[in-house]
Amino acid sequence: MASSPRQDRETSQPLHSFKQQNSPAGHQKNRSWLQKMRSPKGTAPVGSSRFFFSLCLGILSTALSAIPAFSAERIAFFYPPFGEFYISIKDLEIFAKEGKITPEFAFYANRVKPEQLAVLRELLQRRLDVGPITISQFTYTPIGKQILRRLGQVLKADFNQNGFYALRSAFVQAAADPEGLTLVNILHQFPLRTIRLDLQLSLRAIREVSYLFGRRDLIVNSIQQQAADEVATTTLTSLAQPDLRVSGQFRWRKETITFNNPNRELPVPADIYLPQGLQTAPVIVISHGVASDRNTFAYLAEHLASWGFAVALVEHPDTSAEKFQRFLTGFDTPPQPTTFINRPLDVKYLLDELQQKSESDPAWKGRLNVQQVGVIGQSLGGYTVLALGGAALNFEKLRQVCNQSELNNTSFNLSLLLQCRSTDLPPQNYNLQDERVKAVLAVNPLSSTIFGQEGLSKIQVPVMLVAGVEDLFTPPVPEQIFPFTWLTTRQKYLVMAQNATHFSYLGGKKGVLPVPPELIGSDPALARPQLRALSTAFFKTHLSNQPEYRPYLSQPYVKAISQNPFNLTLIKSLTATQLEQAIAGFR
């Protein structure tokens, strides 16, 4: 293999990256470690010169890495006891572009079903519209490196050599090539004539995928049957009115504020939706996910405000859409592990700001009940609100799982890549809970390892977990369904949305990440009314203390508001034993 000029420096920052500079301050318990996590000043140019310097080096490093010594011609794999076999990449390209099967490729094509060939052709020619600088930036992040290492275990540079560096080069070259980022072009740009396919690891990965999806389907079917039994024994007599999917009676006004989190260099923005005609309103704070912003859940904030809640949409600077746009174009650094601490602190400081306004600002005085707070979060925002509700970081679990994950490169729980980033935090009790939070609604949260059973069991306020059955980024079984069994709070709800993905409840404009339509799934506009209804019922019951809304938190109701393809299932109790029984005997 032609050695990479970066091979001996693989863990270092790319030329066009700069160290993050954090301001050390904030809650006393968090001050010392933030001081240690700071990068030394003077490590990078500042202002516009920094951006120009970053862009120039980014373009230069991309151009240099896009000149391979070779272009791959074939894929080789060893199939004992029959020996080594080869597939020509040119044959794959002819099949992808023209649908023709060459005599050489026919040897393999005749051994699979026609529908499998159709899927293969579609995968080979599917193009992802991502530029070379974006790819280069991503492949130098800790998560990008880990993904490439795992892929490099399957597509090797030699029998025992991980294809990490060759794949990094191939991805950047393919993105810069007029043919674009397709699987065929990535194979073509592999900087060796032969790509070694680890067939045994590939087959093992296929078996694990089959197992994971088969186990998921058995568990989901079992929960759906449990919910169906509840429908058979209850009625919907009291739920004719009102329709919680539509707006309530209150008009609202929107106001944008900024507040200070001393751990941030700049003020943090938030949009506040205030219902009109109410003397005092309970407060709900919504936390967005990675590469989103405060507009993502504006539709939900408007709805809840119309039902009498004061709703705050906070924008977390280190994981916002604007931050990721800068990073992916070479103008910023990736998010740091400190985001796991700063996100809950953003909400704490926002609540402090709202409490001060409610006590002293004439325009706000008495308008907000900041001692009665509900929180909603999606994805990493789901982690954020669970932490605010009392879940504790579990460093012992993180070390155990993440060290094993490094060894087990066929793990398909993508959220572990993000959760394991928190192992770089100094282990200590960060105490991220806020006693003002009285109810938690988490959509597609990541929780299995960063909290584990011990951490989640500490939550004592009402919790609703919402899971998308087709979520590939925070898969429902390990991240929501099993964690639901670990909750010890008496008031808990698990909602599963059939056919829902990680993106089904998002609103706002198209995100900055290049997500293929297949991963977004069916039109999210069909799913949003369901989240409007669920959140209204949950917070009316557990935040406003209006028991007349409790019947809405039931399987009969969610069945009544279900709309294809997003059919809902809601349960209030589940045990790990029931889950184990559902998958007993499945291999």
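This is a short talk on the fold of one protein chain, taken from a predicted model.

I will start with the overall picture. The chain has 587 residues, and 53% of them count as buried. Its secondary structure comes to 22 helices and 13 strands. Now take the contacts between residues at least 6 apart in sequence: 77% of those join residues at least 24 apart.

Strand 7, residues 281-287, and strand 8, residues 310-314, run parallel and are joined by five bridges. As a point to find on the screen, Val 285 stands opposite Ala 312 of strand 8.

Let me stop at one residue, Val 463, which is found in strand 11. Is Val 463 buried or exposed? Its relative accessibility is 0%, so Val 463 counts as buried. What does Val 463 touch, leaving out residues up to four places away in sequence? The list is Leu 386, Val 440, Leu 487, Thr 489, Gln 491, Lys 492, Tyr 493 and Phe 538. One of these, Leu 487, is 24 residues from Val 463 along the chain, and the C-alpha atoms of the two are separated by 8.5 Å.

Strand 1, residues 74-79, pairs with strand 2, residues 83-88, in the antiparallel sense over six bridges. The two form a hairpin, with three residues between them. Within that pairing, Tyr 79 has Gly 83 of strand 2 as its bridge partner. Strand 1 is also joined to strand 4, residues 194-197, by four bridges, and those two strands run parallel. There, Phe 77 stands opposite Leu 197 of strand 4.

On to the helices. Two packed helices are described by the angle between their axes and the distance between the axes. Our example is helix 7, residues 142-154, with helix 8, residues 164-176. Their axes come within 8 Å and cross at roughly 115°. That makes helix 7 roughly perpendicular to helix 8. The crossing of helix 7 and helix 8 is right-handed.

Which residues make the contact? From helix 7 they are Lys 145, Leu 148, Arg 149, Leu 151 and Gly 152. From helix 8 they are Phe 164, Leu 167, Arg 168 and Phe 171. By type, the residues of this contact divide into five nonpolar, one polar and three charged. The spacing of such residues follows a general rule. An α-helix has 3.6 residues a turn, so residues three or four places apart point the same way.

The other helix I want to show is helix 18, residues 476-486. Ten of its eleven residues are buried, so helix 18 is largely enclosed by the rest of the structure. Among the buried ones are Ile 481, Phe 482, Phe 484 and Trp 486, but also Glu 479 and Gln 480.

Last, some details of the backbone. A cis peptide bond joins Asn 564 and Pro 565, with omega about 5°. Pro 565 is found in the loop between helix 21, residues 555-561, and strand 13.

Then there are two asparagines with positive phi. For Asn 499, phi is near 70°, a positive value in a residue other than glycine. Asn 499 has its place in the loop between strand 12 and helix 19. With a relative accessible area of 33%, Asn 499 is partly exposed. For Asn 545, phi is about 55°, again positive although the residue is not a glycine. Asn 545 lies in the loop between helix 20 and helix 21. Its relative accessible area is 54%, so Asn 545 is exposed.

That is the end of the tour.

How values were computed. Residues are numbered from 1 along each chain as its sequence is written. This is a predicted model: local features need pLDDT of at least 70, side-chain atom pairs count only at pLDDT 80 or more; totals for chains, interfaces and linings use all residues. Side-chain values use heavy atoms; hydrogens and water are left out. Buried means under 20% relative accessible area, exposed over 50%, partly exposed in between (1.4 Å probe, protein chains only). Axes are lines fitted to C-alpha atoms, for helices over the stretch in contact, and angles run from 0 to 180 degrees between N-to-C directions. Angles under 35 degrees count as roughly parallel, over 145 as roughly antiparallel, 65 to 115 as roughly perpendicular and the rest as oblique. A crossing is left-handed if the near helix is turned anticlockwise from the far one by less than a right angle, and right-handed if clockwise. Contact means heavy atoms within 4.5 Å. Ala, Val, Leu, Ile, Met, Phe, Trp, Tyr, Cys and Pro count as nonpolar, Asp, Glu, Lys and Arg as charged, and the others, Gly among them, as polar. Two strands pair if DSSP finds at least two bridges between them.
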